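User: I would like to learn how to read packing features in a model. Please take me through them one at a time.

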Amino acid sequence: PANRVSRFLGMSFPGGGPSVLAQGAQEFKGQDAKMSIIIGAMAVADLVKSTLGPKGMDKILQSQSGDVTVTNDGATILKRLTLDNPAAKILVDISKTQDDEVGDGTTTVCILAGALLAEADPLLSQRIHPQSIVSGWRLALKAARDALEAAAWDIAGEDEAFKAMLFKIAKTTLSSKIVHNEHDQFAQMCVDAILRVRSSGCHLESIQILKKCGGSMRDSFLAEGFILDKKIGVGQPKRVEKANILVANTPMDTDKIKIYGAKVKVDSLAKVAEIEQAELAKMMAKCEKIAACGCNVFINRQLIYNKPEQFFADKGIMSIEHADFEGVERLSAVLGGDIASTFDSPDLIKLGHCDVIEEVQVGEDRLIQFKGCAGGEACTIVLRGASMHLLDEAERSIHDALCVLKTVVKDTRAIYGGGCSEVLMAEAVDALAKQTPGKKSLAIEAFAKALRSLPKTIAENGGYDSTELVTQLRAAHNRGQSAAGLDMVKGTIGDMKEIGITESFRVKCQSLVSAAEAAEMIIRVDEVITCVPRQRGED
């Protein structure tokens, strides 16, 4: 076999060498592969770099259909991009994971991964093996994580003190969002909402976010209970107390003749009328079964046509039609009922309950509010604003803040923001580099430089002299000012404890670990193989 392989390798091939890949497949090895993936990852990091920090810029994303999104959320930007570079797709995936896991830090994780790869590029040019770089990074990651844990403190305590710390964390999270001009108001709304659902395990499904154009962002408010953007049926009660609610997903359209899989021939219109009458009788029987369940409010995911609506009005039952699937799911959760599709066994159907259902006015629209729900923690954040683009971005900002607060309630450790924790970690990593012999120390130093690139980027996005500020910040930490960070209002170094710039430990730790693991995965690649594109058939 060895002789056959040697003869095979010695043969001449049109492409310049032997290949087991199909014709049309592409293969990049060695330096070409490394440059391709490192540059691709750095390009993604540069794309979102300008959105970092309280003075970050926004991006306008336009889809093929012409839909416009205005955002500075890293996960939203990367999710809507069509990328071809494999390393860039890895960064997009870690950004999505960060968003799903803790809700914030999506931009940070991409920039840190890109900075690690940028610092590794000159080391690779010096012929330092990727495994040596990875070994140094792992040591640096452990040192950085230990320093972060040492700097964190537990904010759990009395309710008022804990609430004040949650407010500071929410305010810090929202300071880089579109709602930063009203971040005090929105931070308080987010804290109040998360404390309401705290007893039930912080399920965010109990917090409804409703967007209504008009007014200003200052007009946004937190409402008790659940608000549904639908209309009550004609001629039905507009207010119900001690409501027994049947939530359903069933067809209620008697105006259509539905005989599926059959073809009916009739010789007169009277026969058509008989079929319609049979359909109507069938629907009226369903309405009688619904009324027999003992409900005084009926909410259906599908349409409710005129005849059933009239039936419910005659019975004094409030009916709400076309509640979308998400609305029905949330309603069943907060009202404590089940979603029913058939009504033959009323005793098996669990009804939802609330104290009052009534119409409320928000702007120019009338909405339905459910107060005193069985799930008492239910609440609704009503967002007001000039345009739907602004409201969509405000919703993303509120969602990020709620996710961060949910994380803090579960893991009550906090750290100082404003670049303070990054410089602390970088100093610990630098100290490790001085004690580590061999080529690993170069990789450890590169890790520290990458960490310092985050406060540098924050300062650059604010229009300040980043080099001056970062060097002043390092000097402040060396003097023992462990809470020193960037004051982006004044453009100077400030005490983060006095200013109140506080972040979640878990969010920062997740960003650090995810970025290091992604950069490690990318730098270990030595070959990129692209499969043959699928050929279209001749027909």
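User: How many aromatic pairs does the structure hold?

Analyst: Rings of Phe, Tyr and Trp (its six-membered ring) pair if their centres lie within 6.5 Å; planes under 30 degrees apart count as stacked, over 60 as edge-to-face and the rest as tilted. Four aromatic pairs are present in the structure. For tryptophan 153 and tyrosine 416, the ring centres are 4.6 Å apart and the planes lie at 40 degrees, so this pair is tilted. Helices (H or I, at least four residues) and strands (E, at least two) are DSSP runs, numbered from the N terminus. The model is predicted: local features need pLDDT of at least 70, side-chain atom pairs count only at pLDDT 80 or more, and totals for chains, interfaces and linings use all residues. Residues are numbered from 1 along each chain as its sequence is written, and side-chain values use heavy atoms, with hydrogens and water left out.

User: What is the order of the strands in the open sheet with β4 and β15?

Analyst: Strands of a sheet pair through backbone hydrogen bonds, either parallel or antiparallel. Here two strands pair if DSSP finds at least two bridges between them. The three strands are ordered β4-β15-β18, with antiparallel pairing. β4 and β18 (502-504) are at the edges with a single partner strand each, so one side of each has no neighbour in the sheet. Between β15 and β18 there are three bridges, and tyrosine 416 stands opposite threonine 502 in β18.

User: Which strands does helix α7 touch?

Analyst: Contact means heavy atoms within 4.5 Å. Axes are lines fitted to C-alpha atoms, for helices over the stretch in contact, and angles run from 0 to 180 degrees between N-to-C directions. Helix α7 (residues 159-174) packs on the sheet and touches β4, β15 and β18, its direction making about 90 degrees with that of β18. Helix α17 also packs on this sheet, touching β15 and β18, at about 65 degrees to the direction of β18.

User: At what angle do α5 and α17 pack?

Analyst: Angles under 35 degrees count as roughly parallel, over 145 as roughly antiparallel, 65 to 115 as roughly perpendicular and the rest as oblique. Helix α5 (residues 106-125) packs against helix α17 (residues 505-523) at about 40 degrees, with the axes 8 Å apart. The two are therefore oblique to each other. A crossing is left-handed if the near helix is turned anticlockwise from the far one by less than a right angle, and right-handed if clockwise. That of α5 and α17 is right-handed. The contact includes Leu112 and Leu116 of α5 and Ala515 and Ala519 of α17. For classes, Ala, Val, Leu, Ile, Met, Phe, Trp, Tyr, Cys and Pro count as nonpolar, Asp, Glu, Lys and Arg as charged, and the others, Gly among them, as polar. The contact of α5 with α17 has 13 nonpolar, three polar and no charged residues.

User: Which residues of α14 and α15 meet?

Analyst: Arg452, Pro455, Lys456, Ala459 and Glu460 in α14 meet a set in α15 that includes Leu469, Val470 and Arg474. The axes of α14 (residues 440-461) and α15 (residues 466-478) come within 8 Å and cross at roughly 135 degrees, which makes α14 oblique to α15. The crossing is right-handed.
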